[in-house]
Amino acid sequence: MPAPAVERLIQQLARLPGLGPRSARRAALHLIQRPEAALSPLLRALADVQDTVRTCSQCGNIDGRDPCEICRDPERDATALCVVERVGDLWAFERAGAFRGRYHVLGGVLSALDGVRPEDLAIDGLIRRASAPGLTEVVLATNATLDGQTTAHYLAERLAPTGVAVTRLAHGMPVGGELDYLDDGTLATALRLRRPIER
Amino acid sequence: MRRQPRLAPGPDRAAGCALRRLTLTNFRSYGDFRLETEAAAVVLTGPNGVGKTNILEAISLLTPGRGLRGARLQAIGRRDGPGGWAAAATVEGPLGTAMLGVGADAVQDGSSRKVQVDGEPAKGQTALAERLAAVWLTPQMDRLFVDGADERRRYLDRLAATFDPAHIGRTTAYRNAMRQRLALLKEGGADARWLDALEAEMAARGVAVAAARAEAAHRLDHAAADGVTAFPRAAVQVVGLVEDLLADGPALRAEDALRARLAADRRRDGDAGVTDAGPHRSDMAVVDRASGMAAADGSTGEQKALLVSLTFAAARMVARAIGMAPLLLLDEAAAHFDPVRRDALFDEALALGGQLWVSGADAGQLAPLSGRADWLTLGQSGDRAIIT
Ligand SMILES: [Zn+2]
């Protein structure tokens with residue numbers, strides 16, 4: 001029977017995505033048995049993240065600065081915004097190097113059954129950014145799930161009065177597939193073949 | 001098409017699938033069950049409640065879908081067992097021999113089905129569909145023609161999935177969008193643009209669902225029209241608003257029309273708490289081809305006979321769609337018929353080309369199969385199968 005402190009550590013680790021109770025126990029042992037090589041660096045990394053990382057007030061990205069590096073970068077194409085559900089999707093686009101504009105993280109998708117309403121998503125901020133002078137295109141890159149598609153439809157209607165071109169990633173996304181899991185080439189192709197959304 | 005000309009001289013003679021070995025672990029009444037077969041047919045007899053249907057259910061779960069009981073995965077594990085379960089089979093078909101396995105883990109929310117093909121985890125159920133197909137007739141289907149349209153839609157949906165694997169996903173998405181729209185309408189004051197978006201999704205997916213069902217009904221109707229049979233031939237059609245829209249014009253126009261109808265129905269649907277228009281209201285209409293009598297108006301015996309011919313038609317339809325004659329699972333199907341019809345039942349079933357699995361409490365009724373089948377008498381112990 002592990003000491004209560006160790007048990008608490010295992011419980012916390014087991015709550016992380018991708019870790020079950022068994023791998024959590026292995027990870028805990030690994031940390032405890034290597035205080036210098038594993039435990040201390042992890043502690044410092046966690047503390048750093050807690051102290052310095054914040055959510056970008058413009059796009060919703062997670063970064064050490066607010067606005068984030070992408071929002072600050074003058075080299076970014078200021079005419080195009082790519083709307084994603086989650087920060088993980090934004091990172092997938094960045095890994096693929098597929099998009100040169102800036103992003104907007106919604107923070108989820110509409111779902112009447114899960115109680116996620118328009119006001120729960122970063123939609124007002126999106127409309128504001130889309131209305132800024134110079135912005136000409138909004139790419140809706142929500143997932144190919146029912147809720148992702150419904151949300152894209154909804155956003156297209158909300159964005160219509162701004163006059164920007166609203167496009168959607170090309171089809172070919174697996175239904176229920178999440179952007180984060182698509183390989184980089186697929187993402188670049190889906191983006192290149194994006195097309196105007198039908199309303 | 002993977003049809004092999006050498007094995008398939010005619011459309012009804014697609015090479016059939018057959019099981020060579022079946023293994024059940026903590027499955028319903030079975031702790032550890034194993035069966036090997038060589039024949040074109042397998043007969044399962046034994047007293048009621050001994051677990052004959054459980055074996056057929058296990059086989060049906062080796063194909064996409066929820067099996068012949070439509071069971072939830074958590075309900076399948078053996079009572080007082082560890083919770084998890086597995087069914088595995090060695091399957092022979094046009095593509096050669098494969099080992100298929102399905103199961104669920106013992107975890108509390110073990111709602112995801114694990115699928116293995118040749119020892120490797122497979123991503124989804126479609127991997128099963130390449131190797132095995134099955135068509136079944138169970139006593140639960142006896143009321144198919146008289147009970148609600150729900151079961152008949154499910155019947156068509158299963159057949160549509162054999163040639164359109166995305167069909168089931170689309171029906172699920174359609175229902176999901178419908179529930180969300182209804183939830184918004186019931187609470188009132190919802191953002192109209194949100195409703196627009198949901199209705200657009202419902203229309204797109206709903207029309208696709210209706211089109212696939214119409215195609216399935218069309219193919220089933222064709223398959224029911226031919227073949228030599230001692231049973232009454234069925235005529236099959238799917239009827240409903242969206243089907244009418246599709247018959248009237250192109251799919252895009254049907255989509256627009258359904259969308260407009262949904263938008264116009266918001267107040268009414270919200271008040272009633274049900275969605276009035278859509279493919280969830282469609283029905284499969286089955287009539288006796290010769291007399292034109294609606295299946296539901298026939299006697300119990302007539303309905304059962306029509307159900308048999310519909311089952312055979314479904315097997316022919318699946319064989320044509322995928323180039324592989326499916327397994328045919330007949331659960332207590334012989335009980336309603338006289339000896340002449342029983343002979344015809346088994347002869348026609350065997351002629352379909354896929355391995356035939358027959359269960360029945362009355363071994364005498366299955367006698368026409370003796371000499372043509374592996375014969376399995378199940379005792380009360382369940383686990384202990386005696387092959388005779
Ligand atoms: Zn930012």
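In this predicted model, the axes of helix H4 (residues 167-187) of chain B and helix H5 (residues 192-225) of chain B come within 9 Å and cross at roughly 145 degrees, where axes are lines fitted to C-alpha atoms, for helices over the stretch in contact, and angles run from 0 to 180 degrees between N-to-C directions. Helices (H or I, at least four residues) and strands (E, at least two) are DSSP runs, numbered from the N terminus. The crossing of H4(B) with H5(B) is left-handed, a term used if the near helix is turned anticlockwise from the far one by less than a right angle. Among the residues of H4(B) in this contact (heavy atoms within 4.5 Å) are Tyr174(B) and Leu184(B), while those of H5(B) include Trp194(B) and Met202(B). By class, the contact of H4(B) with H5(B) has 13 nonpolar, four polar and five charged residues; Ala, Val, Leu, Ile, Met, Phe, Trp, Tyr, Cys and Pro count as nonpolar, Asp, Glu, Lys and Arg as charged, and the others, Gly among them, as polar.

Chain A contains eight helices and seven strands, and its C-alpha trace spans about 65 × 35 × 35 Å along the principal axes. Of the 199 residues in chain A, 42% are buried, which means under 20% relative accessible area (1.4 Å probe, protein chains only). In helix H5 (residues 87-96) of chain A, the buried residues include Val87(A) and Phe93(A), and this helix is followed by Gly97(A), which has a positive phi, near 60 degrees.

The zinc ion is coordinated by the SG atoms of Cys56(A), Cys59(A), Cys68(A) and Cys71(A), at 2.2 to 2.4 Å, donors being N, O and S atoms within 2.8 Å of the metal (3.2 Å for Na, K and Ca). The site is tetrahedral, with angles of 104 to 115 degrees among its four donor atoms, since four donors count as tetrahedral if all angles lie between 85 and 135 degrees. Cys56(A) lies in the loop between strand E1 (54-55) and strand E2 (62-63) of chain A, and Cys68(A) in the loop between E2 and helix H4 (69-72) of chain A, so the pair ties together parts that are 12 residues apart in sequence. The table gives the accessibility of this pair.

| Residue | Relative accessible area |
|---|---|
| Cys56(A) | 3% |
| Cys68(A) | 0% |

Residues are numbered from 1 along each chain as its sequence is written, and chains are lettered from A and ligands numbered from 1 in the order in which they are written. Local features need pLDDT of at least 70, side-chain atom pairs count only at pLDDT 80 or more, and totals for chains, interfaces and linings use all residues, while side-chain values use heavy atoms, with hydrogens and water left out.

Conventions
Tetrahedral: all angles 85-135°; square planar, octahedral: opposite > 155°, others 65-115°. Buried < 20%, exposed > 50% of the residue type's maximum accessible area, 1.4 Å probe, protein only.
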